[in-house]
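My notes follow in the order of the look-ups.

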Amino acid sequence: MAAHLRRHPGAGISYVARVTAADSPVPADAAAPTGRIVLLTTTHRVAPGLLSWPAWQALHGADRVLSGDPGHPQLPYLREAGVEVEPGSPAARELVDYCVAQGGRTAVVLTSAEGESELTDGLARLAGSGREAMPDLELLPGSYDLPGARLLDLVQVMDRIRAECPWSGTRTNEELVKYGIEEAYELVEAIEEGDREALLEELGDVLLQVVFHARIAQDDPEDPFSIDDVAGGIVDKLIHRHPHVFGDETAETAEDVQRHWLRTKAAEKQRDSVTEGVPLGQPALALTAKLASRARTAALDVALPDGAGVGYELLALAVRAEADGVDPEAALRAAARAYRDAIRAAEGSARR
């Protein structure tokens, strides 16, 4: 017997064997079909009732539809569509006998969020015994997760934490500032180290900061806003600042894109200087590189200020690095890591 394992995104259970009657070692009479068992999976991240056409076909064409979850979110919509759903979780033996008997019938099982491991394990045992005339076994996704659907889970989890956690429930935006800075630097480190596993984790930590700050802002009594407002704002900004993607303008190079961005941003903010909006609190090398980039993009020929001392020397080095396409902040961090390794090597030699 051949068992074909398939995985479906968004399915409530991960794997199930698809076994057709033709695969069964028990001779099948062509005049007596063995029926069909359909495990219908849905995702809670898509509004209930929004099922695929094959799912509705299976539901309306089934001889029997079952659900072991009396609170399954699809049930009201199935009732409204005229689909009768039996409560209960039948055993594999019962379902196989039901489908094989009387010329073959179709049973659809509406799976729960946890899946139906007991049923699928039982079906796998019967199919693998080599002694059963098995109905067709099919995993049918009724709805799939859309890209970004897990972000909805994050919002829901953050809502609950904010409501029930004594620490998270009392935090303010101001109190979270230091954590946001720490997480941003940890993300930078993961990127510079080339650690993909750490990159995945640190992106999640940075995303948490965004969702956490937005959730706190939602509770503000005077000027509340939510994560939807945050997302809506950045979507509008991205569309407006990419007229070469969403509009009629063209951009042949990355420099063209940057000029579009700065011109649009200046019009939005009504700024008189390209230096406006550059945060002065960022690390000094990054600040210098940002100012140099703004001046170069605006085609401003600006002489470096005269001055003596290390500060002006570093300023000149940072401006030169930016002109050469080098991030001075990243370059110094790389050199600092090499210096750290040299210190550790010296410590090891001193201990020997």
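Lys and Arg count as positive, Asp and Glu as negative, and His and the chain ends are not counted. I took the place of a charge as NZ of Lys, CZ of Arg, CG of Asp or CD of Glu. Accessible areas come from the Shrake-Rupley method with a 1.4 Å probe, and for residues only the protein chains shown count as cover.

This is a predicted model, in which local features need pLDDT of at least 70 and side-chain atom pairs count only at pLDDT 80 or more, while totals for chains, interfaces and linings use all residues. Residues are numbered from 1 along each chain as its sequence is written, and side-chain values use heavy atoms, with hydrogens and water left out.

Entry 1, negative patch. I found a negative surface patch made of Glu182, Glu186, Glu189, Asp195, Glu197 and Glu201. Helices α6 (173-193) and α7 (196-218) each give two or more residues to the patch; the largest share, 3 residues, comes from α6. Helices (H or I, at least four residues) and strands (E, at least two) are DSSP runs, numbered from the N terminus. I checked Glu186, which lies in α6. Glu186 is partly exposed at 34% relative accessible area, where buried means under 20%, exposed over 50% and partly exposed in between (1.4 Å probe, protein chains only).

I counted a side-chain nitrogen of Lys or Arg within 4 Å of a carboxyl oxygen of Asp or Glu as a salt bridge. The search of the whole structure gave 19 salt bridges. Asp97 and Arg93 form one (3.0 Å, N to O), and both lie in helix α3 (residues 92-100), 4 residues apart. Asp97 is partly exposed at 40%, and Arg93 is partly exposed at 35%.

I then looked at Glu164 and Arg160, whose side chains meet in a salt bridge at 3.2 Å, N to O. Both lie in helix α5 (residues 150-164), about one turn of the helix apart. Glu164 is exposed at 54%, as is Arg160 at 56%.

Which residue forms a salt bridge with Arg215? The partner is Asp219 (2.9 Å, N to O). Arg215 is buried at 13%, whereas Asp219 is partly exposed at 40%.

I also noted a network of salt bridges linking Glu192, Glu193, Glu329, Arg333 and Arg337.

Key. Patches are made of residues with over 30% relative accessible area and no salt bridge: like charges are joined within 9 Å, nonpolar side chains (Val, Leu, Ile, Met, Phe, Trp, Tyr) within 5 Å.
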